[in-house]
Amino acid sequence: MKFFKHLAAFGFFLVLVSCFGFTKKEEIKINSKYTPSQDTEVAYFASGCFWCVEAIFESVKGVEEAVSGYAGGNTKNPTYQSIGTGKTGHAETVAVYYNPKIVNFKTLVKVFFGSHNPTTVNGQHPDYGTQYRSIAFYKTEVEKQIVQNAIKKLNEEVYEGKIVTEVRKIETFYKAEDYHQDFEKRNPNQGYVRAVSVPRLNRFKKKFPELLKVEKH
């Protein structure tokens with residue numbers, strides 16, 4: 001009996017601290033006032049739960065907006081529920097809208113590699129599955145070279161050749177459901193946010209204080 005009680009408690013804990021454990025369905029209109037300027041550029045990164053990734057990039061100077069979504073697979077019009085099966089080929093991805101006069105793509109790549117473990121296959125603790133794999137997307141050959149140079153340097157100096165990050169051209173980005181946007185900011189007391197997302201954001205802030213916006217995230 002005790003075994004089943006512990007098993008049930010463990011299952012509840014996994015739901016509590018799992019990016020996929022959230023089942024809220026109501027649509028919340030957000031980001032409607034944001035309009036990219038003529039100079040705004042966009043970059044795409046996947047490195048685990050998009051709630052965490054979005055919050056990290058939004059804390060960086062020069063980033064105007066970060067939008068959670070799905071990319072990297074072939075399934076058309078994926079949803080949160082469908083990508084959760086791990087069968088769509090897509091990963092939880094964040095589109096980062098930035099002002100290149102303030103922050104460049106190379107720095108965003110630095111943020112990407114500096115805010116997750118790129119040696120973990122298909123996941124970032126506590127989330128595992130192909131939908132949580134590490135991907136650095138590029139739009140141009142110049143961006144591709146920047147990512148590859150970063151990987152080469154980190155493999156030589158830090159990770160001993162163990163980086164598993166995919167480097168692939170962005171094809172289609174599907175915006176996630178509205179209730180996922182700005183999730184951490186709107187749900188500071190949610191279990192996963194408190195246990196995983198906020199600590200991950202704080203570790204990033206401590207590591208790269210020079211990259212942070214002046215205002216509080």
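User: Which residue of strand 8 is the bridge partner of glycine 69?

Analyst: In this predicted model, the partner of glycine 69 is lysine 175.

User: What makes strand 2 and strand 8 a pair?

Analyst: Two strands pair if there are at least two bridges between them. Strand 2 (residues 63-71) and strand 8 have two bridges, in the antiparallel sense, so the pair meets the cut-off.

User: Where does that put strand 8 in the sheet, and why is it called an edge strand?

Analyst: The open sheet has six strands in the order 7-6-1-3-2-8, with mixed pairing. Strand 8 (174-175) pairs on one side only, and so does strand 7 (166-169); that makes them the edge strands.

User: What packs on the sheet?

Analyst: Helix 2 (residues 50-58) does, touching strand 1 (41-47), strand 2 and strand 3 (91-98). Its direction makes about 160° with that of strand 2. Helix 4 (residues 105-114) lies across strand 1, strand 2, strand 3 and strand 6 (134-138), and runs at about 15° to strand 1.

User: How many aromatic pairs are there?

Analyst: The count comes to eleven. One of them is phenylalanine 45 with phenylalanine 105.

User: Why is the pair of phenylalanine 45 and phenylalanine 105 called stacked?

Analyst: Ring centres have to lie within 6.5 Å, and planes under 30 degrees apart count as stacked. Here it's 6.1 Å centre to centre with 20° between the planes, so both conditions hold. Phenylalanine 45 sits in strand 1 and phenylalanine 105 in helix 4, 60 residues apart, so the pair links distant parts of the chain.

User: What about the rings of phenylalanine 50 and tyrosine 80: what makes that pair stacked?

Analyst: Their centres are 6.4 Å apart and the planes lie at 20°, so this pair is stacked too.

User: Which residues do ring pairs link into a cluster?

Analyst: Phe45, Phe57, Phe105, Phe112 and Phe113.

User: And what do the totals for the chain come to?

Analyst: Seven helices and eight strands. Of the 217 residues, 47% are buried. Among contacts with a separation of 6 or more, 78% join residues 24 or more positions apart. The accessible surface is about 11,600 Å², with 55% of it belonging to carbon and sulfur atoms.

Notes. Residues numbered from 1 in each chain as written. Predicted model: local features only at pLDDT ≥ 70, side-chain atom pairs only at ≥ 80, totals over all residues. Heavy atoms only, no water. Helix = DSSP H or I, 4+ residues; strand = E, 2+ residues; numbered from the N terminus. Contact = heavy atoms within 4.5 Å. Axes fitted to C-alpha atoms, helices over the stretch in contact; angles between N-to-C directions. Phe/Tyr/Trp six-rings, centres within 6.5 Å; stacked < 30°, edge-to-face > 60°. Buried < 20%, exposed > 50% of the residue type's maximum accessible area, 1.4 Å probe, protein only. Areas by Shrake-Rupley, 256 points an atom, 1.4 Å probe, with all protein chains shown as cover.
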